[in-house]
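Subject: Handover of a structure

Dear colleague,

Please find below the structure that I am handing over, followed by an account of what was found in it.

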Amino acid sequence: MNKSPMLFRRKAFAVWSLFFAVAWGVVSCAPSGSDQSAKAETIRVGVVLPLTGEQAQFGEIEKDSFQMALEEINGAGGVNGKPIELLIEDDTGRPEVGRSAMEKLITQNKAIAIGGGYSSSVAFAIAGVAQQRQVPLVVNTGSDDKITEQNWDYVFRINPPASEYPAAVNSFLQEVVKPKTAALLYENTSFGQSSSKSFAEQAEKLGLQIVLKEGYESGAVDFKPLLTKVKAAQPDLVYMVSYLMDAALLIRQSRELGLAPKLFVGGGAGFTLPGFAANAGDAAQGVFSADLWVPSAPYPGAKEYFDKYAKTYGKNAEYHGAEAYSCLYVIADALKRAKDLTPAAVRQALAETDMKTAFGPVKFVSYDKKTQQNRLPTYLVQWQNGKLETVWPKEFASQPYIYPVP
Amino acid sequence: MDVFLQTLVAGVLKGGLYALIGAGMTLIMGVMRIINLAHGQMMMVAMYITYVCFHYWGLDPYLALFISMPALFLLGVGIQKYTLNPLLKAESLLPENQVLMTVGIGMVLTEVIRFIFTSNYLSVKTGYSDAAFFLGRISFSVALTIAFGIACAITAFLFWLLVKTDLGRSIRAVAQDEEAAALMGIHVERIRSTAMGLGAALAAAAGTLLLPVYYLYPDIGGPFTRRAFIITVLGGLGSTVGAIGGGLVLGLAEAFGATYIGMASEEMVGLIIFLAVLLFLPEGLKRLTRV
């Protein structure tokens, strides 16, 4: 009579134990750096990056760059004789996963400083955890303005916020192109919204009329309805904020529709990756983009980093990599100067950072609404015959710009 | 007017491919009475097969149909035979454990592909990928137009198969009443495997046809599983004609939503239709068409 409840219970037990076995398996498969028996001498630094999921490609570039910096720093004696141990966690591109990765790094692995933060939404989520747990976080890519506008004293950012991406674009437009109308397309994420909003504001100051401003959902198959509207509006300039494959599709489908503004400008992100030219093919020719870093930038170590990356990994690095590479240098520098190895002391040391990195000079300052934000100039690049060339400002140009675009 | 017509064209062309995806899922739904939540992932596998054919052997994506469809047919049969059929026999805690199994299969397919090809974005660029011809001022993508034609041909073939052949009659018999079909001497397990294989092959066709104009990475399956699910519900679960209608409706809704509401809400439009159908037309388009 009580056979079937028993059977049910045994089955339920089997299901639950399977569930726990899987869950445990997932946890124990995480990067082996989390091994608790590691030598006590190492200094633990956590990194949160998207290693799987849709942004994995960017995460990979950044992870390789972190590793490169790690080998160099430890090879040169580490931090006052102690090697750094890097604990890299996967955020899969989702804020909630990023949060739990942070919790794990802080409570379980006892990391005393953390770097990373790729997408804006993940960076914002993990910054909240860093502040709450009082462990310093150095954001190196997430660029939504609001990340450094919360008065969070444990959050630092070395890359410029999204609103400052188009600075070089604007001076180029003002001095060379002098367009009258612009269409603005952006992916509907916090990065896209933040960048496009500031571009629209700055465009107004330049006397540029925004004839169309529209967001889209990343991963769309067909942009033609949207591009048809752009074509009907006949803008001089099309400014786009997109990740890699949306960027490639937008450009390809624009050409297909015969959409021909005076110039296409990308707002960084997807438009500067080698994969853009590979996937957009000939359509990439002449496309401009904002860029945060170029190998020809006048920073010590920039060119060396670029060459070494190309030699080690057989592909070209771009700004995301330089950000990650420099992030670890900034953290190591703070660790060296910290009075003791506690998160609070490291935070204090980070706040006093004043150094030169391959990504540019790093000094955390407060201005407008922002706190602990590094300020850097930006660049304008252009795809010329499958190569990304720096074209503006003129003093850093690797090639003269091609305009009007044939 | 141009904008309207261009939107209509974009919607119909995309809808043709959606119909193919939906028809495959519907076929599986009808026979198996489960939602195949690995449908988009199967399509993704077919796209990688197409990519390999193109990249390493220079095979045109349309010819690659002859490789990707049989390959996915075998994959579908294998999945049914070795993972889903055994579950039917097991005394289960949850009656939906086959659906859970398809979720797992989808994850395994995604991660295996990621292991082999990494997460990098890939695309197939043929001479006609970006080509377009114009009727009046309306642009037609060459690749999508060809894809639409092939999708129509495959759908017609599917109907002929279901209506005119013994195999088709057996599939419909199993979909209507498994026990009665078994009593009439139909090998139900084999029919199930065949239906799964056919459904997978249809998804493969859609993936292969889409590849010249789209791109590819391991996580591409998810959004298409979601679309297939919406289409299947829209069409009335298990109705092939309904699924084709559902595919076209979803394609048009996405296109018009993108033009007149805003592209940011493209997916929202699909989901609102999904909810509206469940609320007001729970049997889907089947009730309208009575097929």
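Two residues are counted as in contact if their C-beta atoms, placed from the backbone, lie within 7 Å. On that basis, among contacts in chain A between residues at least 6 apart in sequence, 68% join residues at least 24 apart.

Please keep in mind that this is a predicted model, in which local features need pLDDT of at least 70 and side-chain atom pairs count only at pLDDT 80 or more, while totals for chains, interfaces and linings use all residues. Residues are numbered from 1 along each chain as its sequence is written, and chains are lettered from A and ligands numbered from 1 in the order in which they are written.

Of the 406 residues in chain A, 55% are buried, a term that requires 20 or more other C-beta atoms within 10 Å of the residue's own, again with C-beta atoms placed from the backbone. The C-alpha trace of chain A spans about 75 × 65 × 40 Å along its principal axes.

Chain A is divided into domain 1 (40–160 + 300–374) and domain 2 (164–291 + 379–396), with bounds that come from an automatic or database domain assignment. The C-alpha centres of these two domains lie 29 Å apart, and 12 residues of domain 1 are in contact with 10 residues of domain 2.

As for the contact between the chains, 36 residues come from chain A and 30 residues from chain B. The largest share of the chain A side, 8 residues, is supplied by α8(A), where helices are DSSP runs of H or I with at least four residues, numbered from the N terminus.

With best regards

Conventions
Helices (H or I, at least four residues) and strands (E, at least two) are DSSP runs, numbered from the N terminus. A residue is buried if 20 or more other C-beta atoms lie within 10 Å of its own, exposed if 12 or fewer, and partly exposed in between; C-beta atoms are placed from the backbone.
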